[in-house]
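Here's a quick tour for anyone meeting this structure for the first time. Have a look at it, then read on for the main points.

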Amino acid sequence: MKSKNLIFSLCFIIPLFILQACGQNTKKQPSKTITMENKITKPGNPYYSNTDTTKLNVSNAEWKKVLPADVYAVMREADTERPFTGKYWNTDEKGTYYCASCGNLLFRSTAKFSSSCGWPSFFEQENKKSIVFKEDNSIGMERIETLCGRCGGHLGHIFDDGPEPTGKRYCMNSIALDFIPDSK
């Protein structure tokens with residue numbers, strides 16, 4: 001009887017193992033790689049990328065070759081565009097703002113607010129490394145200058161009169177920003 005049970009058990013167990021082994025797929029599925037590409041292209045500017053976050057060390061002489069004169073004046077010489085003249089000062093379209101020189105991610109439109117100062121204003125940068133700060137005592141004022149965290153380009157200034165939750169007002173030059181609207 002024991003041998004009958006053993007043979008009977010083996011008749012069920014062996015096919016079960018065979019079926020189980022046949023059901024396994026040893027073929028590896030190719031993994032999908034998602035590559036983000038630049039969303040904005042600037043053919044004359046080899047330093048521009050919406051995806052590369054590598055800190056740049058580019059001379060002003062080189063920037064002068066690749067940036068339009070008005071962008072160069074603001075971003076490399078800390079010039080300021082006149083209030084109420086920039087393309088983003090009064091915009092409420094949803095999307096993302098990038099550095100006009102190097103393409104670094106700076107702000108989301110959800111952090112933009114109407115400050116009535118004549119320049120686009122934000123209460124929060126996109127991440128801690130996107131913008132760096134420097135004391136600015138030019139024109140007889142004590143201010144804090146905002147610079148792109150990737151290329152060091154002048155963006156504007158930051159003030160302590162913004163809305164909650166930060167109380168900050170990043171007052172930016174429109175010409176220092178590129179904008180990509182959200183997909184609909």
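A salt bridge here is a side-chain nitrogen of Lys or Arg within 4 Å of a carboxyl oxygen of Asp or Glu. Keep in mind that this is a predicted model, where local features need pLDDT of at least 70, side-chain atom pairs count only at pLDDT 80 or more, and totals for chains, interfaces and linings use all residues. Residues are numbered from 1 along each chain as its sequence is written, and side-chain values use heavy atoms, with hydrogens and water left out. Helices (H or I, at least four residues) and strands (E, at least two) are DSSP runs, numbered from the N terminus.

**Salt bridges**

- The structure holds 8 salt bridges.
- One of them joins Lys65 and Glu62, at 3.7 Å from N to O.
- Both of these residues sit in helix H2, 3 residues apart, or about one turn of the helix.
- Lys65 is exposed, with a relative accessible area of 66%, while Glu62 is partly exposed at 23%. (Buried means under 20% relative accessible area, exposed over 50%, partly exposed in between, with a 1.4 Å probe and protein chains only.)
- Asp178 pairs with Lys42, and their closest N and O atoms are 2.9 Å apart.
- That pair ties together distant parts of the chain: Asp178 is in strand E9 and Lys42 is in the loop between helix H1 (2–23) and H2, 136 residues apart.
- Asp178 counts as buried at 10% relative accessibility, whereas Lys42 is partly exposed at 27%.
- Asp136 and Arg143 form another salt bridge, at 3.3 Å from N to O, and both residues are buried.

**The two sheets**

- Strands of a sheet pair through backbone hydrogen bonds, either parallel or antiparallel. Two strands count as paired if DSSP finds at least two bridges between them.
- An open sheet of 6 strands runs in the order E3-E4-E8-E7-E6-E5, with antiparallel pairing.
- Strand E3 (112–113) and strand E5 (131–136) are at its edges with a single partner strand each, so one side of each has no neighbour in the sheet.
- Inside this sheet, strand E7 (residues 154–159) and E8 pair in the antiparallel sense over 4 bridges, with His157 opposite Cys171 in E8.
- Another open sheet has 3 strands in the order E2-E1-E9, also with antiparallel pairing.
- Its edge strands are E2 and E9, each pairing on one side only.
- E1 and E9 pair over 5 bridges, and Gly95 has Pro181 in E9 as its bridge partner.

- The buried residues of helix H3 (residues 69–77) are Val71, Tyr72, Ala73, Val74, Met75 and Arg76.
- Helix H2 (60–66), strand E1 (95–99) and E7 are among the elements that cover them.
- The largest nonpolar core has 28 residues, and Trp63, Met75, Phe107 and Leu155 have the most contacts inside it. (A nonpolar core is a set of buried Ala, Val, Leu, Ile, Met, Phe, Trp, Tyr and Cys residues joined through side-chain atoms within 4.5 Å.)
- H2, H3, E1, strand E2 (105–108), E7, E8 and E9 each give two or more residues to this core, and H3 gives the largest share, 4 residues.

**Loops and backbone details**

- Ile175 is in the loop between strand E8 (169–172) and strand E9 (177–181).
- Leaving aside neighbours within four places in sequence, Ile175 touches Asp70, Val71, Val74, Glu81 and Ala100.
- The C-alpha atoms of Ile175 and Ala73 are 9.9 Å apart, although the two residues are separated by 102 residues along the chain.
- A cis peptide bond joins Glu164 and Pro165, with omega at about 15 degrees; Pro165 is in the loop between E7 and E8.
- Phe84 has a positive phi of about 65 degrees although it is not a glycine, and Phe84 is found in the loop between H3 and E1.
- Ser116 is not a glycine either, and its phi is positive at about 60 degrees; Ser116 is in the loop between E3 and strand E4 (121–122).
- Phe84 is partly exposed at 45% relative accessible area, while Ser116 counts as exposed at 59%.

Definitions and conventions:
Contact means heavy atoms within 4.5 Å.
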